[in-house]
Amino acid sequence: MKASKSKVIVVGNGMVGYKFCEKLRNTDTEDKYEVTVFGEEPWPAYDRVHLSSYFSKAAPETLQMAPRSWYAEHKVALRTNELITQIDSKQRLVVNHLGESFSYDYLVLATGSSAFVPPIPGVDKKGVFVYRTLEDLDAIMDYGKKVKSATVLGGGLLGLEAAKAVMDMGLQAHVVELAPRLMPNQLDEQGAALLKSKLEDLGIGIHLGKMTKEIQGNGKLDGLVFQDGTFFSTDMLVISAGIKPRDELAAKAGLALGKKGGILVNELLKTSDEHIFAIGEAAAHRDQVYGLVAPGYEMAQQVVNQLLNKDVQPFEGFDMSTKLKLIGVEVGSFGDPFGTKEPSRPICFEDKVKGQYKRINISSDGKRLVGGVLVGDTSAYGMLLQMTQNKMALPPEPEDLILGGREGKSSNPMGGLDALPEAAQIWSCENITKGDICQHIQQTESGDLGEIKKCTKAGTGCGGCLPMINDLAKFQLKKLGKTVKNVLCEHFPYSRQELFDIIKIKGVKSYDQLLDEFGEGDGCEICKPAVASILASVWNEMILRQDTIQDTNDRFLANIQKGGTYSVVPRIPGGEITPEQLIVIGEVAKKYKLYTKITGGQRIDMFGARVDQLPDIWEELIDAGFESGHAYGKSLRTVKSCVGSTWCRYGVQDSVSFAIRVEERYRGLRSPHKLKGGVSGCIRECAEAQSKDFGIIATEKGWNIYVGGNGGSKPQHAKLLVNDVDTDTCIKYLDRYLMFYIKTAEPLQRTASWLNKLDGGLDYLRDVVVNDSLGIAGELEREMEFMVNTYACEWKEVVNNPELRARFKHFVNADDQDPSLQFKPMRGQKIPVDWKS
Amino acid sequence: MIELLEKYPKVAEDAVEFWYKAAPASAFPENGGACVKFKDLQIAVFNFSRRGEWYACQNLCPHRMQMILSRGMIGSEGEEPKVACPFHKKTFSLKTGENLNGDTCTISTYPVKVEDGYVYIGFDRGYA
Ligand code: SRM
Ligand SMILES: Cc1cc2nc3c(=O)[nH]c(=O)nc-3n(C[C@H](O)[C@H](O)[C@H](O)COP(=O)(O)OP(=O)(O)OC[C@H]3O[C@@H](n4cnc5c(N)ncnc54)[C@H](O)[C@@H]3O)c2cc1C
Ligand code: SF4
Ligand code: FES
């Protein structure tokens, strides 16, 4: 460590330069660095993003990122009104316009951009402006008072903002754009066309595909001449044709520049000089300059991390998602809006009456959102952006993302479909509307998806729009008075509910028998686990008797992880655990070098076990009194509890004891999808029971039961089934509810979507469960009782059965471990190395 | 990563130079698979007992480079026998190795025979 502090100089006190100072100061708690920031502008950094609000508020202080006093308090030497004119990288000095020099250990260039002014003859005339700084705005406002009309050159994000600003000044506003559509970098044709008509409704003139050849006027401009020879009269011109990174200082110092300008940086934001970083709009990363503030902030963070030896994530480029702040017209563009960066297929929806256009691009495997466009309604922007950036799994029906509330609003999921206009486009690759699909169904009276696909070409791409087409088909058939059938897959012409009945009534106990008698072909990865789940729900036999029809997690009774190892999750009912049990888990994890983590379900996960280690690990856990937590199964996971009346000063019932009772009752219960429960000791709801498949909340008089809650990507609050029931009644209703769900849901359908699609909804469910309207309550209870009585810990059976145990190895012909397993350390534990592709 | 994939060139039926005696047929679960170690290679072998057929392919799933296909579920799509990767359910033809539900690359397949209760995998000169 050096005796004296290291010196950091920041050139440019814009949004990013400021953010760098702020982040450095917040992180540099040991005061290792002395920071000086130079800004050429007379005032401290201000929020350029909200510059347009200056027109209405006209108080520069409100835009300040931080007042001058902040810099003083945080030991950042602020030097405004000083332009850095020279860098001497050998001696590590910078020189300001007054000739004073300052030494640095690290130099951070955050010089930003200036407006790009295309070389059109006449740009120097009076009445021509750019839109970048407070001074620019002052000048525009001044000039604007004297004229009637203003034209913005450039129909991009910024240009439209400028157009709105001049319009708000009371001027007749026009936008001239070179490209054939507005916001060509963010919007597709259809989205841009809708935006155009909206802006025109606001009174802004839009002129597309116009190349400006000359700015005419005697001293001050009076109009533009386009390439096609036409003259367009205007009193004022605001140029918004893009940005030009301020790389002149860096160029003079001999630093490498990007091909299209900007200071070239690597993924650590280093320039060609070891000691000089560049961040924000001045930096060119892989020859790209990012004209948005978020990537600049990310760059600032990564440089701070390097200076303070914190975990550095290489800068790998940035999502250019944007949302336009224009009042009255909402526009959003996120991820890859055109879906051209990787193979993908769009789902689009346009409602001309409401003036909405929405498009999402689904990856070719149908699993992820890669980007999209929103015009007219950007309420889903945040969520969609999140899904895209975090590569979140799509909901089963991705079109819900843009159609929203198709289910929630009414218990009839088709209601939303009915409301869709005929012209709503539901295409995949072709231009297919709801009308096209409905017409096909009307003519053929068939809802066969294969047929629809063939005839309309809809859904032939990624299949992202298939679920919606499926819904449409059912809806349309229902309208025609036909019954609709949901078949499992090509191997079984039955719905899950029908198969459930067949298995039960015919006493079918094996998959092969079912396939022979009721199916065709050789089965697949859809029907095998679905049937395995039904068999388990009906007969509750040890699932490894038919291990090759189980999904991989069930086949090895553990969750498969990245890299091919497995995780181990013992049951910790209600989240209650003794110190002794904690020690056992700790010892086992230590012995087998497992990564441990507290899960979101109030228990402990041990990751990184090899397949051959699983039986040994479980043997030790079982010896200590643990049992399987079924974290791998589509079965009961956890019943979360809060501490309740035992300790909590507000608790009105003993929620822990009840949670344990419920968890132990339903442990190992196989169901169409996983099941989670929660029990809270009072109305404060610390167990989050209302986000579970079944939630129980204590009242002074007993328990309230909630059903059909869900977390996940489409969270949904559980709905109140009954109030104030006593403990035994509560269990009785839960038995009926869960069994009814198990018997009637589709494969992999959580209780929330099951309830959403249940005809009659919550009222119907209450009739069945509480009022026994179908007269099946007794049967449901008996079936549940059977499951409870036949429960056995699967791991215990494996551990004690040499034949089953022998299946847990990687090779059939060698005792070797899988040599391809690879780990790397993290915070004192191990994790698998990244996916390779 | 390409190197890893290149370790597994496809072997055609008529190019087999030698048969590797892998393990007794009874060691392979019915209608399921298991992994065979051969030199530094991992080969997934499937006992498709429902069809009375045996198949072998590389154990490596090319989607995320996971050594896993032997633990996948097998089945059919139309007439085509297939295996589904446990990780993300990419399915591959057991006959041609082609990815049936996406554009992941094709996997290598190997001839298999069962003689005297033993499973043999066929390799060509490339594996000498
Ligand atoms: C370990 C854990 C994360 C953690 O570190 O905390 C986890 C890990 C996984 N979750 Fe989860 N979830 C975990 C709590 C949750 C929770 C929170 C909770 O349970 O309170 C939720 C939201 C609540 C809910 O389910 O409604 C949750 C919603 C999901 C979903 C979305 C389900 C949905 O209906 O949308 C999936 C995907 C799925 O099941 O299809 C999922 C799937 C997964 C899988 C199984 C993904 C997979 O197939 O590999 C992860 C496996 C990890 C492993 O091998 O152990 N996990 N997952 C948590 C284990 C809890 C436990 O003790 O059993
Ligand atoms: C009207 C408008 C609206 C915008 N809206 C959005 C939006 O909605 N979303 C979004 O993400 N982005 C938006 N942006 C872009 C965003 O403002 C910029 O990405 C961001 O300001 C870049 O920050 P920066 O610090 O890199 O550059 P700047 O903010 O340009 O700061 C650089 C500073 O360095 C100074 N400087 C340059 N050279 C020197 C030197 N040699 N010596 C001393 N000082 C120097 C400059 O004077 C300037 O003050 C908008 C921009 C404008 C103009
Ligand atoms: S643990 Fe759950 S939320 Fe986290 S990455 Fe896995 S599936 Fe997603
Ligand atoms: S690793 Fe095999 S499908 Fe993803």
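Buried means under 20% relative accessible area, exposed means over 50%, and partly exposed lies in between (1.4 Å probe, protein chains only). This is a predicted model, in which local features need pLDDT of at least 70 and side-chain atom pairs count only at pLDDT 80 or more, while totals for chains, interfaces and linings use all residues. Residues are numbered from 1 along each chain as its sequence is written, chains are lettered from A and ligands numbered from 1 in the order in which they are written, and side-chain values use heavy atoms, leaving out hydrogens and water.

**View 1. The two chains in outline.** Of the 837 residues of chain A, 54% count as buried. In chain B, buried residues make up 56% of the 128 residues. Chain A has 28 helices and 37 strands. Chain B has one helix and twelve strands. Helices (H or I, at least four residues) and strands (E, at least two) are DSSP runs, numbered from the N terminus. Along its sequence, chain B follows the pattern α-β-β-β-β-β-β-β-β-β-β-β-β. Contact means heavy atoms within 4.5 Å. Among chain A contacts between residues at least 6 apart in sequence, 62% join residues at least 24 apart. For chain B, 50% of the contacts between residues at least 6 apart in sequence join residues at least 24 apart.

View 2. A backbone N or O atom of A:Gly600 lies 2.6 Å from an oxygen atom of ligand 1. For A:Lys674, a polar side-chain atom lies 2.6 Å from a ligand 1 oxygen atom. A polar side-chain atom of A:Lys692 also lies 2.6 Å from an oxygen atom of ligand 1.

**View 3. Helix H17 and its buried side.** Helix H17 of chain A spans residues 511–518. Its residues A:Tyr511, A:Leu514, A:Leu515 and A:Phe518 are buried. They cover an arc of only 105 degrees around the axis, which puts them on the same side of H17(A). The arc is that of the directions from the helix axis to the C-beta atoms. An α-helix has 3.6 residues a turn, so residues three or four places apart point the same way. The buried residues of H17(A) pack against helix H16 (496–506) and helix H18 (527–539) of chain A.

**View 4. A:Arg359 and its partner A:Asp188.** A:Arg359 sits in strand S25 (residues 356–363) of chain A. With a relative accessible area of 11%, A:Arg359 is buried. Its side chain makes a polar contact with the side chain of A:Asp188 (2.8 Å). A polar contact is a pair of N or O atoms within 3.5 Å; within protein, one must be able to donate a hydrogen and the other to accept it, and residues adjacent in sequence count only if both atoms are side-chain atoms. Not counting residues up to four places away in sequence, A:Arg359 touches residues including A:Phe334, A:Pro337, A:Ile347 and A:Gly371.

**View 5. A:Gly335 in strand S23.** Strand S23 (residues 331–335) of chain A holds A:Gly335. A:Gly335 is buried, at a relative accessible area of 17%. Beyond four places in sequence, A:Gly335 touches A:Asp319, A:Ser321, A:Val370, A:Gly371 and A:Thr388. The C-alpha atoms of A:Gly335 and A:Asn361 are separated by 9.2 Å, with the two residues 26 apart along the chain.

**View 6. Two residues with positive phi.** Most residues other than glycine have a negative phi. A:Asp724, not a glycine, has a positive phi of about 45 degrees. A:Asp724 lies in strand S35 (residues 719–725) of chain A and counts as partly exposed at 32% relative accessibility. A:Arg827, not a glycine, has a positive phi of about 40 degrees. A:Arg827 is in the loop between strand S36 (823–826) and strand S37 (829–832) of chain A. At 74% relative accessibility, A:Arg827 counts as exposed.
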